[in-house]
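Subject: A structure for you to look at

Hi there,

Here is the structure I promised to pass on to you. Have a look at it first, and then read on for what turned up in it.

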Amino acid sequence: MEKASTVIYRHFNAPSRAFTQFSHEIIRHPRLSANAVRLLTWQLSLPRGAREPLSRTAERARIGSCAFTRAKRQLMEEGFVHERRVQGAGGHWMTQQLVSSTPLTSDEAIKLLSRTPVPTCTDRVSPQVTPSPRKPAAGQPTTPPADRHPKKDPKEDTSNLPAEQTGEDGPAVSTPPSPRQEDARALVGALPLLSPALRHIPPAMRDELTRLAAHWLDAGHTPTDVHEHILRGLPGPGTPVQRPGGLVRYLLRDVTPLTPPTQPPPAPTTRLSVRLQGTRECTSGTHTQPMLFRPIADETLCGQCVPARS
């Protein structure tokens, strides 16, 4: 029994306009994919003088980015596409692409590209993006004054000012120094010995830290309490401290209220059960275990020990 065969009939009308002649070697190329053939034939069908790059042709032909990369690589390997980077006027770099209907070698492509003039930067700039001429500012140019101090006191622009108190009928009055100032200074001087993270406190911050530590001492805290509070606020081991002085200032900014010592809870009182209420322990000392008895008057011996004593 013979196998069924397929017979193909072709109907072809030669176009009278808008057509391009291609070699059969392009359409029937054994190593070019369908996207590569479509990209090449589309480029060859463009009018003379067109400067459409291959990427734009791929967009119009609805060829994806990955498929376009493979198609372009195939065309370059077969010699249908060549490109090079050149530097034009003003140091502007651009890419030249050459699309050929026949495979070309690298030397042949360079000779053809060398005959093409490189466009200048002014040729590539669109009139819409050309910068407009600058309009001068109104009036004469002036320089900012820099020979006098500002009239306004810039206190609000500074940080970490000493504590001040406002009088009732006068301006702000500085608070007197703390009586624990020297103790606070010694406390701050011992900070580098507490942890390696506190070894690089700026010397210029010691007066400020001393003033903050004095507030803690005035509130009743001991130097040990302040040191323990700072150690609890340090990051974990292995975490670097970029600004140790700022960290200590942050930890000492608010004084923690001093908590009074807690009183020990009262010792629990031993309560006898209802059945044993009114009993008394025998004081004779002859019993192996405590002997309880219920007295009639003020006797301290149980009934067993009274005949022995008498």
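Before we start, one term: two residues are in contact when heavy atoms of theirs lie within 4.5 Å. Please also keep in mind that this is a predicted model.

Let's begin with helix α2 (residues 34-44) and helix α4 (residues 65-78), whose axes come within 8 Å and cross at roughly 75 degrees. Angles of 65 to 115 degrees count as roughly perpendicular, so α2 is roughly perpendicular to α4. Which residues meet there? From α2 they are N35, A36, L39 and L40, and from α4 they are A67, F68, A71, Q74 and L75. Sorted by type, the residues of this contact are 7 nonpolar, 2 polar and no charged.

**A hairpin**

Next, find strand β1 (residues 81-87) and strand β2 (residues 93-99), which pair in the antiparallel sense over 7 bridges. To see the pairing for yourself, look for V81, whose bridge partner in β2 is V99, and for H82, which stands opposite L98 in β2. Between the two strands of this hairpin there are 5 residues, and G90 takes a positive phi near 75 degrees.

In a regular strand the side chains alternate between the two faces of the sheet.

What does V248 touch, leaving aside its neighbours within four places in sequence? The answer is L191, L198, I201, L209 and I230.

**A proline in a loop**

Last stop: P179 sits in the loop between β4 (172-174) and α7. Is P179 buried or exposed? Its relative accessibility is 76%, and the cut-off for exposed is over 50%, so P179 counts as exposed. P179 and A214 are 35 residues apart in sequence, yet their C-alpha atoms are 8.3 Å apart in space.

Enjoy exploring!

Best wishes

Terms used
Residues numbered from 1 in each chain as written. Predicted model: local features only at pLDDT ≥ 70, side-chain atom pairs only at ≥ 80, totals over all residues. Heavy atoms only, no water. Pairing = 2+ DSSP bridges. Helix = DSSP H or I, 4+ residues; strand = E, 2+ residues; numbered from the N terminus. Axes fitted to C-alpha atoms, helices over the stretch in contact; angles between N-to-C directions. Parallel < 35°, antiparallel > 145°, perpendicular 65-115°, else oblique. Nonpolar A, V, L, I, M, F, W, Y, C, P; charged D, E, K, R; others polar. Buried < 20%, exposed > 50% of the residue type's maximum accessible area, 1.4 Å probe, protein only.
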